[in-house]
Amino acid sequence: MEVSYERQMRHNYLIIRADEIQKENYECRMLMANSIEGLLKFRFRQTETGIEFYYEITSRQPVNRILEGRTIKRQEIVKLIYSIAALLERLENYLLQESQILLDPQYIYTDPEIVQFFFCLVPDRKADFSKDMERLLQYLLKKTDHRDKESALLSYRLYQESQKEFYGMESLLKWLPLREDRELVCQIRDEINPEQREKSESTEKDFQEEAISAKEEKAEPRSGRNIQIAVTAAGVLLVPSLIWILKGTALMKEYWYGIVGWYGFWAAAAAVKIVTAQVRRKKNSDKNKTQKTSFLGTEFSEEAGQREWETLIGNEAETFMEEQGADDEPVEEQEDPIFFETRVLSAEEGRDKSIRCLVSMDKKTEDIPVPYFPFLIGKQSGIVDYILTRDTVSRIHVKIEKNEKGYTLTDLNSTNGTWVRGKALMNNETVFLEEGDEIYIADCGFRFL
């Protein structure tokens, strides 16, 4: 599989070249005729030697680039796995094969702003989906911070499940949605697979009915309680009152044991009702605790899942991650980019030569110090190392790196482009930087010093 990148006007494309596939291929026609949620927009171009598939990646970033300088969070793992599961269901409707999906992190793209995942489907690709999924889960395991117990245990459990001989998406999904993930699951379902909403409506209705039932059992209406109290009081007082009215107190003294027995009957009835209510409440609690909920046709047990997770707490997951090579020093959180903005140094003020800097050629724009590598520049807070707030700048625009040969700059699928020494870079193109080079990030000019 030959991969390249290309910028056309304000659109960036990932290009995959195949030699044997022809235009009449069923998958090509299906992808051209339909816009499938969760897949990158697709078009192709026939050449003399084969066919080139174009996937639009404008303003999107591959997962491996997003995780280059940080670890992955538990909710991101949950959303990624559910996104894959939802996509597989949609592919069935178009008779497309799961083996045609690229699960390599460098070909899984995400929109950093809304954290939605998009996948490449390569027509007529022959691969083992289970093996591809196993490699992806191993990558996620190594990108998990083992100090974060929830994320580490989830990554460990998913990878461990993929080691079984006959595993599938169902066996992975059963570990994912604990109760606190339900809102996230519904959001993913609506974003990635709107048609699944109808299939899950019955499940949502069941949850609502259970909640209402539990609420009613926990707190009965005031009017219902008042009626029960009135009936009980009437029953307790009815017989003694009739005897007193008809025969007076003498007969009451004569048949006192009958009156005591009457009161005992009502006391026993009340005790039975209390015990029955407690038993029913305990059964409902156990039922809710072990309630199995379906999403994408897969059942999971919260009680079983929680019990299994508790058995993993301790050093088991950490030991496993060390064996897999995930015992490297965890990625330290980068300093807030705003911190660096407050220490801007200009060339005229005796700049520290040990810290590289992009010196602005516009007085309205501040210099950008580059104190570590790799260093990302864009306007997406929380991801980039320096926030360059210009409408023309992409969310993640460029990356500056250092290696044994020197410094490099890479355009990261920017919309409005990057220029180095007057040459426009293609998307994902990397060039070497030399001291004094002029760099334009969209319409923002800098000099590399």
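User: Hi! What makes two rings of Phe, Tyr or Trp a pair?

Analyst: Rings of Phe, Tyr and Trp (its six-membered ring) pair if their centres lie within 6.5 Å; planes under 30 degrees apart are stacked, over 60 edge-to-face, and the rest tilted. This is a predicted model, where local features need pLDDT of at least 70 and side-chain atom pairs count only at pLDDT 80 or more, while totals for chains, interfaces and linings use all residues. Residues are numbered from 1 along each chain as its sequence is written, and side-chain values use heavy atoms, leaving out hydrogens and water.

User: Great, which residues do ring pairs link into a cluster?

Analyst: That cluster holds Phe 42, Phe 44, Phe 53 and Tyr 55. Phe 42 and Phe 44 have ring centres 6.2 Å apart and planes at 45 degrees, so they make a tilted pair.

User: Is Phe 42 buried or exposed?

Analyst: Buried (under 20% relative accessible area, with exposed over 50% and partly exposed in between; 1.4 Å probe, protein chains only). Phe 42 has 13%, and Phe 44 is buried too, at 18%.

User: How many aromatic pairs are there in the whole structure?

Analyst: Seven aromatic pairs turn up. One of them is Tyr 13 with Tyr 54, edge-to-face at 5.8 Å centre to centre and 75 degrees between the planes.

User: New topic: which residue lies over the face of Tyr 13?

Analyst: Arg 43, at 4.8 Å from the ring centre. A charge sits over a ring if NZ of Lys or CZ of Arg is within 6 Å of the ring centre and within 35 degrees of the ring normal. Arg 60 likewise lies over the face of Phe 118, at 3.9 Å from the ring centre.
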